[in-house]
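Thanks for asking me to look this one over. My notes follow as numbered points, to be read with the structure open beside you.

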Amino acid sequence: QVDLVESGGGLLQAGDSLRLSCAASGRTFSSSAMGWFRQAPGQEREFVAHINWGGGKTYYSDSAKGRFTISRDNAKNMAYLQMNNLKPEDTAVYFCAAQKEYFYSDYAAAVDQNTYVYWGQGTQVTVFS
């Protein structure tokens, strides 16, 4: 079992930067790949970024690529999403999620929310022009 709590959301101006944090509790965090997803009001939840358990492999959505960076610190049981050059279309609730321990993801699995079994409550990011 991995419990996840996101923090760091807020109200930003277009072009601003923000780092979201995901605090994990549990005994197997270091063995679980992590992902960030987001959901805008009235929209489906969509993939943003993924990092494997060792931190050496990452995947990003097209919208996140080049602007967002996912990272993790297993010693601190933390995962992060650094977001730069924010745009109004980034406005959404951002969720941290974890896959089953030792689950190996190729790209198709990494972007599929159904492969993630642990989810945080979400943190709101609002970007205005």
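1. Two strands pair if DSSP finds at least two bridges between them; the strands themselves (E, at least two residues) and the helices (H or I, at least four) are DSSP runs, numbered from the N terminus. With that in hand, S4 and S9 pair in the antiparallel sense, over 6 bridges. Phe 37 has Phe 95 as its bridge partner in S9.

2. A word on the ground rules. This is a predicted model, in which local features need pLDDT of at least 70 and side-chain atom pairs count only at pLDDT 80 or more, while totals for chains, interfaces and linings use all residues. Residues are numbered from 1 along each chain as its sequence is written, and side-chain values use heavy atoms, with hydrogens and water left out.

3. Which two cysteines does a disulfide join? They are Cys 22 and Cys 96, with an S to S distance of 2.1 Å; the criterion is a pair of cysteine sulfur atoms within 2.5 Å. The structure holds 1 disulfide. Cys 22 lies in strand S3 and Cys 96 in strand S9, so the link ties together parts 74 residues apart in sequence. The angle about the S-S bond is -80°, and the link is left-handed. Cys 22 is buried, at 0% relative accessible area, and Cys 96 is buried at 0% too.

4. Next, the aromatic rings. Rings of Phe, Tyr and Trp (its six-membered ring) pair if their centres lie within 6.5 Å; planes under 30 degrees apart count as stacked, over 60 as edge-to-face and the rest as tilted. The whole structure has 6 such pairs. In one of them, Phe 37 and Phe 47 have ring centres 5.7 Å apart and planes at 75°, so the pair is edge-to-face. It links distant parts of the chain, since Phe 37 is in strand S4 (residues 34–39) and Phe 47 in strand S5 (residues 46–51), 10 residues apart. Both of these Phe residues are buried.

5. Phe 37 also pairs with Trp 119: the centres are 5.1 Å apart and the planes at 55°, so this pair is tilted. Trp 119 sits in strand S10 (residues 116–119), 82 residues from Phe 37. Phe 37, Phe 47, Phe 95, Tyr 116 and Trp 119 form one aromatic cluster.

6. Two rings have a charge over them, by the test that NZ of Lys or CZ of Arg is within 6 Å of the ring centre and within 35 degrees of the ring normal. Lys 57 lies over the face of Tyr 104, 4.0 Å from the ring centre. The charged end of Arg 72 sits over the ring of Phe 29, at 4.6 Å from its centre.

7. For the interior, take a nonpolar core as a set of buried Ala, Val, Leu, Ile, Met, Phe, Trp, Tyr and Cys residues joined through side-chain atoms within 4.5 Å. The largest core has 28 residues, of which Leu 4, Met 34, Trp 36, Leu 81, Met 83 and Tyr 94 touch the most other members. Elements giving two or more residues to this core include S4, S5, S9 and S11. Apart from it lies another core, of 6 residues, among them Phe 37, Phe 47, Ala 97 and Ala 110.

8. Finally, two backbone spots to check. Most residues other than glycine have a negative phi. Asn 85, in the loop between S8 and S9, has a positive phi near 50° and is partly exposed at 41% relative accessible area. Tyr 102, in the loop between S9 and helix H1 (107–110), has a positive phi near 70° and is exposed at 63%.

Methods
Buried < 20%, exposed > 50% of the residue type's maximum accessible area, 1.4 Å probe, protein only.
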